[in-house]
Amino acid sequence: MKRTITCIGCPMGCQVTVDYDGEDIHSVTGNTCKRGDIYARKEVTHPTRIVTSTVRVDDGRIPQVSVKTAQDVPKEKIFEVMDALKGVHVAAPVRMGDVILENAAGTGVNIIATKNVPKTA
Ligand code: SF4
């Protein structure tokens, strides 16, 4: 079967067509560079994503901190990761890169803070 996807590797947004059969890739066409080939192969066989969200901060100068998965997680695990974040709250101060939740939804991937939140004065 054939599937055409838009490469997200750069703003050119090449339309990359993958001819495949299950895990067997017969051809990849339409990509301008190797990154598009790698992205398209992965997207049709093992799609993954970085997940972003926010969690509550207790005693912080702002009430929430933005977070993300430290690495890509399998696309089918996105909702479980979001669920695992429900009800999570951390105490200020929070530093960018702090681990907010380990092994989110059993993916082996940690959730980390993407900004600093100082404690209220
Ligand atoms: S295939 Fe290469 S040039 Fe095309 S969008 Fe992807 S990264 Fe950019």
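Predicted model: local features only at pLDDT ≥ 70, side-chain atom pairs only at ≥ 80, totals over all residues.

I traced an open sheet of 5 strands, in the order E8-E5-E6-E10-E9, with mixed pairing.

E5 (residues 52-58) and E6 (residues 64-69) run antiparallel and are joined by 5 bridges. I found Thr-54 opposite Ser-66 in E6. Helix H2 (residues 78-85) lies across E5, E6, E9 and E10 (111-113). H2 runs at about 5° to E5.

Then I turned to E2. It pairs with E1 (residues 2-6) in the antiparallel sense over 5 bridges. Arg-3 has Val-18 in E2 as its bridge partner. E2 also pairs with E3 (residues 24-29), antiparallel, over 5 bridges. Here Asp-21 is bridged to Asp-24 in E3. E2 and E3 form a hairpin with 2 residues between them, and Gly-22 in the turn has a positive phi of about 65°.

Which residues of E2 are on its covered face? I listed Val-16, Val-18 and Tyr-20 there. The uncovered face has Gln-15, Thr-17, Asp-19 and Asp-21. In a regular strand, side chains alternate between the two faces of the sheet.

Last, the ligand. I counted 5 nonpolar, 5 polar and 1 charged residues in the shell around it. Among them are Cys-7, Cys-10, Cys-14, Cys-33, Met-12 and Arg-35.

Key:
Residues numbered from 1 in each chain as written. Heavy atoms only, no water. Near = heavy atom within 4 Å. Nonpolar A, V, L, I, M, F, W, Y, C, P; charged D, E, K, R; others polar. Buried < 20%, exposed > 50% of the residue type's maximum accessible area, 1.4 Å probe, protein only. Helix = DSSP H or I, 4+ residues; strand = E, 2+ residues; numbered from the N terminus. Pairing = 2+ DSSP bridges. Contact = heavy atoms within 4.5 Å. Axes fitted to C-alpha atoms, helices over the stretch in contact; angles between N-to-C directions.
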